[in-house]
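Here is a short report on one protein chain.

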Amino acid sequence: MKKVGWMMSLVLVVPLVLSACGKSKEVASSAVSTTVKIGILKNVTHAPGFVALQNNYFQDAFGKNAKIDVTAFDNGADFATAIATDQIDIGYVGPGPVINQYLKSKNIRVIAGANNGGAVLVARKDAGINSVKDLVGKTVAVAAKGGTPDLSLRLLLKQEGLKVSTDTSGVQIVTRAPADTLVAIRQKEVDATLIAEPWGTQIIQEGSGTILVDWNKIPPKDGNYPLTILVASDTFLKDHRDLAKKAVKANKQAIDFIQQNPNKAYDLISDELRQLTGKGMEPALIKAAIDHLKLTEDITLDDINEQAKASFDAGYLKVKAEELDFSKFLDVSLLNEVKKEK
């Protein structure tokens with residue numbers, strides 16, 4: 001009887017122990033924190049990302065146990081290297097640098113758009129430039145070689161029958177960071193610039209230059225080309241596809257918010273810039289930037305192919321033409337799911 005009683009006690013106790021263990025595991029599981037590393041450039045044209053961060057769209061989507069680690073980049077090339085080497089998981093960047101990186105590493109995917117257009121061609125006021133053809137023998141600044149404004153400038157020059165050269169026989173292209181371009185225009189070191197907003201408007205407002213080609217006439221497709229896109233690493237998509245989808249949704253939320261509440265969005269964008277750079281921006285300048293672009297989460301393979309061809313023609317892509325296959329680079333399956341759920 002003693003033995004039977006002991007065994008009966010064991011039978012009763014074991015389920016309680018197992019139940020307690022199960023509960024303990026559940027509590028521990030819910031407390032597990034995931035860190036999502038988001039990359040972004042310090043540019044107003046990355047406004048959807050700024051608003052998504054300021055309005056906690058990413059945080060709300062990922063959940064309270066998720067930790068968000070934001071890294072701000074000065075240029076797309078550094079961003080592309082970081083995402084290819086898993087230093088960041090997801091983020092906003094221009095197409096040019098990640099197209100180049102994808103051909104090297106094949107481990108990045110475009111998962112949504114953010115905005116189209118947003119760059120203007122500005123000529124220095126006293127440089128004697130009244131048309132694109134007047135750029136012959138002049139120096140034009142872009143933020144980075146292979147970046148979207150650089151490719152747009154080359155397409156524009158090609159349309160006008162002008163060549164890029166290192167002497168006065170054609171148009172000389174030099175690289176300057178946007179802030180340095182403002183100084184270079186003032187000091188007459190460069191004659192013109194194809195630059196993302198709000199830098200162009202800033203040059204105009206201070207009286208240093210005039211708009212030569214407005215944003216809605218910049219190639220390709222008269223300003224309706226991707227300037228900022230949302231990309232993710234293959235590692236992140238494989239391990240956290242659910243979080244990637246939530247990021248796509250947060251991006252769309254931010255775009256909708258900016259379109260529906262522009263005046264509120266300007267302050268949010270300025271606040272995020274202040275956090276990233278230590279300095280905010282006047283609402284009027286932010287408005288100029290937003291007015292000179294088309295916010296959209298949509299992006300197509302044709303958009304990617306067009307930019308890739310421009311980069312290839314410029315000699316930035318060191319591959320054979322037949323290797324320019326971007327069918328796997330663009331993955332809008334998550335975006336399509338988000339749209340269906342709306």
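Helices here are DSSP runs of H or I with at least four residues, numbered from the N terminus. On that basis, Ser270 lies in helix α11. The model is predicted.

**Overall build**

The chain holds 14 helices and eleven strands. Its C-alpha trace spans about 110 × 45 × 35 Å along the principal axes. Of the 342 residues, 49% are buried. Among contacts between residues at least 6 apart in sequence, 78% join residues at least 24 apart. The chain exposes about 16300 Å², and carbon and sulfur atoms supply 52% of that area. There are 42 positive and 40 negative side chains. The centres of these two sets lie 5 Å apart.

**The largest pocket**

Which element gives the most to the lining of the largest pocket? That is α5, with five residues. Several other elements each supply at least two lining residues, among them the strands β8 and β10. The table gives the residue ranges of some of these contributors.

| Element | Residue range |
|---|---|
| α4 | residues 76-84 |
| α5 | residues 95-105 |
| α6 | residues 148-159 |
| β8 | residues 192-196 |
| α8 | residues 199-205 |
| β10 | residues 226-233 |
| α11 | residues 262-277 |

Helix α7 also supplies at least two residues of the lining. This helix covers residues 178-186.

**Two residues**

Ala179 sits in helix α7. Is Ala179 buried, exposed or partly exposed? Its relative accessible area is 41%, so Ala179 is partly exposed. The limits are under 20% for buried and over 50% for exposed. Lys64 is 115 residues away from Ala179 along the chain. The C-alpha atoms of the two are separated by 37 Å.

Ser270 belongs to α11, one of the helices that supply at least two residues of the pocket lining. Why does Ser270 count as buried? Its relative accessibility is 6%, and buried means under 20%. Which residues does Ser270 touch, leaving aside neighbours within four places in sequence? Ser270 is in contact with Gly280, Met281 and Ile286.

Key:
Residues numbered from 1 in each chain as written. Predicted model: local features only at pLDDT ≥ 70, side-chain atom pairs only at ≥ 80, totals over all residues. Heavy atoms only, no water. Buried < 20%, exposed > 50% of the residue type's maximum accessible area, 1.4 Å probe, protein only. Contact = heavy atoms within 4.5 Å. Areas by Shrake-Rupley, 256 points an atom, 1.4 Å probe, with all protein chains shown as cover. Lys, Arg positive; Asp, Glu negative; His and termini not counted. Charge placed at Lys NZ, Arg CZ, Asp CG, Glu CD.
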